[in-house]
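Subject: Handover of a structure

Dear colleague,

I am passing a structure on to you for your studies. Please look at it below before reading the notes that follow.

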Amino acid sequence: MRFRRVLIANRGEIALRVMRTCEALGIETVLAASEADLDSVPARRADRVIRIGKAPPAQSYLDWRAIATAAAGCGADAVHPGYGFLSENALLARACRDVGVVFIGASEEQLGLSGDKWRARETAVAAGLPVVPGATVSTLAEAERALERIGCPALVKAVGGGGGRGMKRIDAPEQLAATIELAIAEAQAAFGDPRVYIERLVTGGRHIEVQLIGDGELLVHAGERDCSVQRRYQKLIEETPAPHLKDGLRAKLHAAALAFGKALAYRGLGTVEFLVDDTRDEFFFLEMNARIQVEHPVTEAVTGLDLVREQIAVAEGRPLALRQDDIHAHGHAIELRLNAEDPLEDFRPSPGRITRAVLPAGPGIRVDTHIGSGAAVPPFYDSLLAKLIVHAADRTQTIALAKAALANTRIEGVATNVAMHQAVLADPTFVAGGVGTDWFAHAWPTLKSQFE
Amino acid sequence: MNLTHDDVREIVGLLDASHFDELKIETARFKLTLKRAGDGGWTQESASAAPAASDAAAKSGRTEVALAPGTAAIRAPMVGTFYRAPKPGAEPFVEVGSKVGPDTVVAILEAMKLMNAVPAGTRGTVTEILIQNGELADQDRILMIVALDGA
């Protein structure tokens with residue numbers, strides 16, 4: 001079946017990103033928008049807009065009943081959920097099936113598995129992937145026993161969480177009592193699932209993930225992305241290829257991701273995340289994301305693929321046209337997330353209205369954004385304003401291009417982290433490449449003093 | 001804004017080879033300015049030309065209407081398929097001219113096979129029904145107008 005009309009159940013830059021591919025494929029777009037986004041750029045661009053609820057996500061973008069109802073009511077063939085919100089939610093997938101609409105994503109069974117971080121971990125173990133020591137816990141007593149075995153520092157994670165949300169760090173056993181109850185309450189509030197687990201925290205490791213594309217039988221990878229520049233588990237900068245990774249280790253990561261995907265007979269776009277200790281040539285499975293990722297454009301930049309197009313083709317029930325030998329990476333790509341947050345005020349979110357937005361353009365530069373002069377930045381959603389993706393022949397040239405592009409960026413009306421990115425790109429350790437996930441937190445006080 | 005980043009890149013490529021330093025495009029739907037930056041790079045600046053709450057809000061059905069004095073609107077409490085009767089072939093809950101009270105059910109909104117009764121929420125007489133049976137109602141869309149009692 002070829003889709004004629006797709007309902008996009010998301011907002012911001014990813015709604016526009018999906019629209020672009022739909023338009024190129026001749027597919028009509030219907031945007032499911034909350035009250036706060038009716039005047040957004042994606043809403044103006046869509047062929048039709050359906051108001052699905054009020055501004056708070058729980059009453060709109062997280063309301064799977066409203067979204068499936070809107071999809072069936074407007075005659076859509078399929079729903080594209082973007083990332084975040086309901087993109088990995090088996091309830092939305094089932095609701096779509098119930099109303100005869102295709103969910104553009106993994107199967108309900110796969111979503112149930114990848115969405116349950118503990119079951120995903122067990123699947124990884126069965127597929128022969130290494131994992132860090134961990135245990136599920138539901139009471140303080142269980143948590144205390146688990147922590148004794150696992151040791152500190154440790155991370156409390158939500159079984160239903162993902163995308164870096166719902167994680168808490170434990171440095172000493174006495175922090176456990178306060179943390180575990182908060183973690184359970186937050187997991188319930190954020191994901192509707194109170195279950196948590198504790199895992200050993202490997203410090204200094206790198207966060208490297210592998211892009212998979214599968215049709216349920218055939219499975220290929222599109223290389224890795226290094227997403228180690230993070231603040232509080234939120235990615236700030238992503239790049240591909242991962243710098244200074246020994247080719248043997250790189251090939252092992254690709255093979256491990258494929259082994260995990262094959263164990264699931266994975267269908268759609270998926271990303272397998274690893275924690276990599278490249279000083280010891282070790283790596284551990286972290287989780288699988290069964291959706292398009294925020295940072296997918298760096299993979300598109302070096303491979304020339306349109307990942308949303310591949311995702312739609314698989315959802316239409318067509319076999320994957322790509323073979324592993326068809327996928328080649330050229331050069332180096334870096335993505336900088338430009339957020340509406342003030343780096344000088346502890347990254348406080350800065351909603352408001354963009355009075356002016358001048359963004360870079362030209363060869364090797366791609367800007368994925370939903371903002372323009374006059375755009376609203378509502379306080380209800382995440383602070384991502386734009387993704388600046390730069391691509392050049394090698395990492396050195398890519399960093400130089402990124403610096404030039406940032407110098408030509410002016411966003412006024414809300415505070416942004418543009419200066420933070422400039423400071424990172426000028427830092428010798430970042431320029432050398434291969435930093436761990438704890439690097440940014442340590443480097444930030446010094447970086448900050450340079451532009452304060 | 002209907003240009004993709006590929007379009008912008010191609011236009012910049014053409015401009016780069018020219019002696020021009022700036023290009024402004026203004027249509028009914030968007031404005032785009034491309035400028036040569038000092039370092040040989042380029043910048044883009046865009047704005048949607050449409051005034052607030054116009055085309056997108058219009059695409060999303062009627063939620064704003066100038067209500068005459070002494071009238072009230074019955075709005076969709078959620079997105080759903082609008083039905084005037086409890087089942088196909090049955091008598092509609094209300095017609096134009098029907099008297100309603102705050103708890104009178106005037107319609108059903110179906111969302112995922114859940115039938116949600118829509119109460120009038122006010123007391124008066126139905127004067128207008130603004131949506132067809134079986135049509136999808138956006139959240140907050142005005143379904144009916146009621147002339148208030150005593151007004």
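Across the interface of chain B and chain A, the rule finds two salt bridges (a side-chain nitrogen of Lys or Arg within 4 Å of a carboxyl oxygen of Asp or Glu). The side chains of B:Glu45 and A:Arg356 form a salt bridge, at 2.8 Å from N to O. On the side of chain B that touches chain A, β3(B) supplies the largest share, seven residues; helices (H or I, at least four residues) and strands (E, at least two) are DSSP runs, numbered from the N terminus.

This is a predicted model, in which local features need pLDDT of at least 70 and side-chain atom pairs count only at pLDDT 80 or more, while totals for chains, interfaces and linings use all residues. Residues are numbered from 1 along each chain as its sequence is written, chains are lettered from A and ligands numbered from 1 in the order in which they are written, and side-chain values use heavy atoms, with hydrogens and water left out.

In total, 42 residues of chain B are in contact with 44 residues of chain A (contact means heavy atoms within 4.5 Å). The two chains bury about 3,300 Å² between them, 51% of it on carbon and sulfur atoms; buried area is the accessible area (1.4 Å probe) that two parts lose on being put together, summed over both.

Leaving aside its neighbours within four places in sequence, A:Val79 is in contact with residues including A:Leu7, A:Ile67, A:Leu92 and A:Phe103.

Yours sincerely
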